[in-house]
Amino acid sequence: MGKRFSRTLPVAHTLVGSLLAGASFTAVAQGQTMPAEALDWQAWGDAEASTQLCRGRYVMPDYRLPADDNPEALSLEASDVDYAANGESLLRGDVVLRRGNEELQAEQIFLPADRQQVDAEGNIALRDGQALIRGEKAMLRLNEDRATLNNSQYVLYDQHLRGEASQLEQTGEGLYRLQDASFTTCDPGENSWQLVSSNIVLDQAQGFGTARNARLEVKDIPIFYWPWLRFPIDDRRHTGLLSPSIGFSADGFDYAQPFYWNIAPNHDATITPRWMTDRGLLMNGEYRYLFSESAGTVEGGYLNSDNGGSGGDANRFEGDDRWYIDARHAGRVNERSNYQLRYGAASDGRYFDDFGGEFGNSDRVSMERLAQVDYRGQRWQLDARAQGFQRLEDPLSDSDKPFYRLPSLSANADWQFNSGLYTEWRSNATYFWRDVDERRVPEREAAIGSRLHLTPAVGWRFEQPWGYVEPRTEFWNTAYELDYGERETDRGTTPTRSIALTSIDSGLVFERELALGGREYRQTLEPRLNYAYVPRTDQAELPDFDSRERAFSWDQLWSAKRFSGADRVGDLNRLSYGVQSRLLEDASGRDRLSFGIGQSAYFDERRIDSDGDPNSLPDRPEDNPNVNPESRYQATRDRSPVVSRLDWQINDRWSSGYEWLYDDHRERTERSSVDVRYRHPEGHVVNLGYRWEIEGFDPGVLPDDDGFRDYSREEWDLSFAWKASPSIDLIGSYLHDQTNNRPLEQLAGVQWNNCCYGLQVVWREWIDDDDTARIDDDFKDRGLFLRFVFRGLGGVGQDADSYFEQTIPGYRPTAL
């Protein structure tokens, strides 16, 4: 090679960068013969390859020419330069031109005298740090938005895209036409899939492309054809079809095809027809909007005449119209005040069991109706709302229907003083209503009406590093105005209640340094005493709008409130005692081991239950089968179960948790649970759990409630997710009802993916309880679910990542 010539000169704005940006959607086509190295491909080293989905990556090489101080200047280098008398130039032999971040390489470049055009031939390579374009011949107009490249091949580095076109033409600003083009995200030399089109138009300004006569090829075999296809080339939303969802179950075939409508920058909608062979056509839709001070969504579904019905063999709702609607709106009044509006309703309580969740699973238990505004000041917090719920169960008894709050007004405030003294103010006024036959519910639930509830509190907390003491008193003052409708009753319509809840909580903290296994720890010993006194007060005249007796737990050892809500205050005269010890790593302060044990001693019977009668104890279960079988014993025992719990971080991968409630009087376990968890840095997850609960353990659940179990509950479960390789995830879960010797849920699946495509196959079988407490009407359901994704193009199938994360705690699925 002869001497190389280098020169820098100012030129008009070049379109090389625009051309590169315009090719951002494309990639290298399948079947091309250019070696991978020519596409700036770098294979992973042995150490990196084992952790990567792709065999390598696209990396732009260093610029051949240094950057010029003037970004508008054109730098060039060539082996030979011929100058004509009229100012034309011909550069030959490994020619390099650079302007700013854009660099052009070719074997020969012709520059006319006016420097308005570049004609390049032979082994052309255009790079700008984001993309590579190769071709055999190119024409670039430097002062116009026009360019043409023949036999082009493309790479988009960050998106791992490659493709080809017989001709790429720039026809305007940000507007490009590609003929006989294709693209894929597969590694060079891998012919898994590609999208091929005779004519592709890219509109960079609008952010989308269109393709005519487009076909999807898998292993060079056409499997799908579109006469016309529109697709995005950036992150902006565009009107068009989204990835469909396909499922197979015992009931048949399920196909959903979403259509996205980009109405405006702050408005969009998704319309999803869903065809189920056993039920018919379900039309779903969602509309979203966003303003500077508010946002909201409206979603719903409608199925005309359900062909399949619901509820196992019962086929309830067969022939009925099934539907739901859920509209939400939230906004800001000012910097301290926000508001929310919501209305939800469904045609029946089993709508979401049948249509609403991944793999037949639905976590919706109610549909909310809400109008709410709040205020958050430095001292006062105000809240005003009208609220109600439709409970999603079928059958649903009148007793299980929740009350509406029409309206509910709250005002709360706190005052703290330097001496440790504090005061609180809590107040609420609510009107409760529900549409039921008041003659068919318990008398305490038959009323509707208003409740004024005022609960000021005063306390003092003295705290030092070695311990604390905190006496506290809450004053509950409650007044009602009630209407029992057509229900005949001797109960008063304006009952009131005033009562004080007093407690003294105290604890000590002892610490010592401890060395175990060559590591330094701090061990604490934290004894605790808590005394609570709540006088026995007649509440038989009070309604039951929102109260439920709480199940016993570690937290209940230290609480003076036996009930949730405000309609019942449980009588209490007890002393709780316990001790907790923690093992803390000195270096990080993290709890390595925490163990606690405690118990309560009762000095009086607990006569107040959901009926509120202070003069009688709950019936014995042998005398009244409609009472909780444990309620009599729980009310008369002189000490609570011994509660112990353990949290142990065994090492960086293994951890365990344990809770045990043991009745040392009857010498039997009331509730226990143990969990063992494994977390591997590479993403492996294993969970093993066991749970036992005596029949009637939860006092708030009665035999006529849907959630009541007439047996002692014993269950164990196993779930795992194992990343067999960067490309393969194996997942599974199993939940077993040991008491009734039956599996409640079984799930197994495999996910395979690389940087080219992904495949997910999941089988699930589960028990549907038919919204009743009985097990004789439970029935099995099952399904096989498939998802296939072409990376960079989309896919088909149900996106179930959130369901897997819920079912297999700790699992983070590899994104398809």
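Colleague: Which residues touch the most other members in the largest nonpolar core?

Modeller: A nonpolar core here is a set of buried Ala, Val, Leu, Ile, Met, Phe, Trp, Tyr and Cys residues joined through side-chain atoms within 4.5 Å, with buried meaning under 20% relative accessible area (1.4 Å probe, protein chains only). This is a predicted model, where local features need pLDDT of at least 70, side-chain atom pairs count only at pLDDT 80 or more, and totals for chains, interfaces and linings use all residues. Residues are numbered from 1 along each chain as its sequence is written, and side-chain values use heavy atoms, leaving out hydrogens and water. The largest core has 39 residues, and those touching the most other members are L91, L97, L104, I109, L178 and W193.

Colleague: What does I109 touch, leaving aside residues up to four places away in sequence?

Modeller: Contact means heavy atoms within 4.5 Å. On that basis I109 touches S89, L90, L91, V95, L97, L104, V118, D119 and A120.

Colleague: Is the pair C186 and C756 buried or exposed?

Modeller: A disulfide joins these two, with an S to S distance of 1.7 Å. As for their accessibility, C186 and C756 are both buried.

Notes
Buried < 20%, exposed > 50% of the residue type's maximum accessible area, 1.4 Å probe, protein only. Disulfide = S-S within 2.5 Å.
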